[in-house]
Amino acid sequence: MKITVLGVGGMGSRFALMLHQAGNDVTLVDGWQANIDAIRQDGIQANFNGQAVSAKMPIYSPAEIEKSGVQADLIVVFLKSNQLKTMFDQVKALIHPDTYVLCLLNGIGHEDVLEQYVAKDHLILGITMWTAGMTGPGHVELVGDGEVELQNFAPAGKDFALQVVDVFDKAGLHPKYSENVKYAIWRKACVNGTLNCLCALLDCNIGQFGKTKEAPDLLHTIIAEFAAVAAKEGVKLDQTEVYNHVAATFTANIADHYPSMHQDLVQHHRLTEIDFIDGAVARKGAKYGIPTPYCKLLTQLVHAKEQLIGAK
């Protein structure tokens with residue numbers, strides 16, 4: 001399968017490396033020139049569960065795609081949510097009538113943007129519980145285990161979605177075909193809406209946050225706001241199950257992991273995707289007349305920190 005990974009940060013590097021190792025034709029597209037240069041010279045360099053691994057794959061900037069001649073059977077999206085429309089405007093040449101897009105971004109509402117570029121029956125939505133982190137251009141830390149859950153957005157896309165499951169399975173990505181991926185997306189959004197922003201604001205890893213006495217109350221309150229808004233979108237979240245799911249990370253093998261928002265905001269001074277997580281819940285809450293004070297405050301605090309450190 002010809003696969004293009006769009007966004008070669010930590011998670012994009014993980015999927016690209018594992019799919020490449022399984023024999024797929026993988027092309028990379030990234031907007032960070034230093035990352036492009038490093039990968040062109042030395043390939044993706046990874047600490048893969050304690051083993052040094054490297055792999056070279058063709059990589060392009062968005063501006064180079066139109067002249068590259070590259071087209072994809074599957075585009076796997078690992079951009080930041082606020083980069084989605086701009087990037088797809090630049091890489092339209094990748095897309096032909098049989099191209100499918102798999103969106104594995106954190107947050108809510110990405111299908112509204114992607115429908116501008118591919119038909120609904122060529123859109124696959126999903127979530128991943130794998131972790132990954134960048135240590136520098138072209139260098140990543142890939143530790144622990146994970147899984148992927150995905151589903152075609154429209155019924156006609158199921159056959160290809162099942163092909164993707166097979167390809168991912170052979171790559172060791174532990175995929176699962178979902179019958180209700182919208183629930184999974186909201187459930188994952190609860191993870192990001194708690195751990196990502198709180199670890200970024202408190203400058204701590206998951207395990208450190210979990211040891212604070214405030215952690216349980218913060219989780220329960222934020223998850224309740226997500227659940228109230230999700231119900232208006234036709235998704236009934238099991239708040240107890242979601243809480244237990246999030247709290248389990250405090251002592252899991254990813255307890256020492258710094259979530260992606262911490263990596264962006266604290267480590268690299270980059271703008272975050274808070275507007276597609278807690279910010280989305282706050283906006284939807286206002287639309288439906290549902291109070292979401294915690295989500296609104298967390299969004300404001302993250303934006304304030306972005307300004308204070310000059311995030312770009």
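With which residue does Arg40 form a salt bridge, and how far apart are the closest N and O atoms? The partner is Glu64, and the closest N and O atoms of the pair are 2.7 Å apart, where a salt bridge is a side-chain nitrogen of Lys or Arg within 4 Å of a carboxyl oxygen of Asp or Glu. Arg40 lies in helix H2 (residues 33–42) and Glu64 in the loop between strand E5 (59–60) and helix H3 (65–68), so the pair ties together parts that are 24 residues apart in sequence; helices (H or I, at least four residues) and strands (E, at least two) are DSSP runs, numbered from the N terminus.

This is a predicted model, in which local features need pLDDT of at least 70 and side-chain atom pairs count only at pLDDT 80 or more, while totals for chains, interfaces and linings use all residues. Residues are numbered from 1 along each chain as its sequence is written, and side-chain values use heavy atoms, with hydrogens and water left out.

Arg40 is partly exposed, at a relative accessible area of 38%, and Glu64 is partly exposed at 31%; buried means under 20% relative accessible area, exposed over 50%, and partly exposed in between (1.4 Å probe, protein chains only).

A search of the whole structure finds seven salt bridges. Another of them joins Lys85 to Asp89, with the closest N and O atoms 3.2 Å apart, and both residues lie in helix H4 (residues 84–90), four residues apart, about one turn of the helix.

Arg270 pairs with Asp264 in a salt bridge whose closest N and O atoms are 2.9 Å apart. Asp264 is buried, at 3% relative accessible area, whereas Arg270 is partly exposed, at 28%. Through salt bridges that share partners, Lys80, Asp264 and Arg270 are joined into one network.
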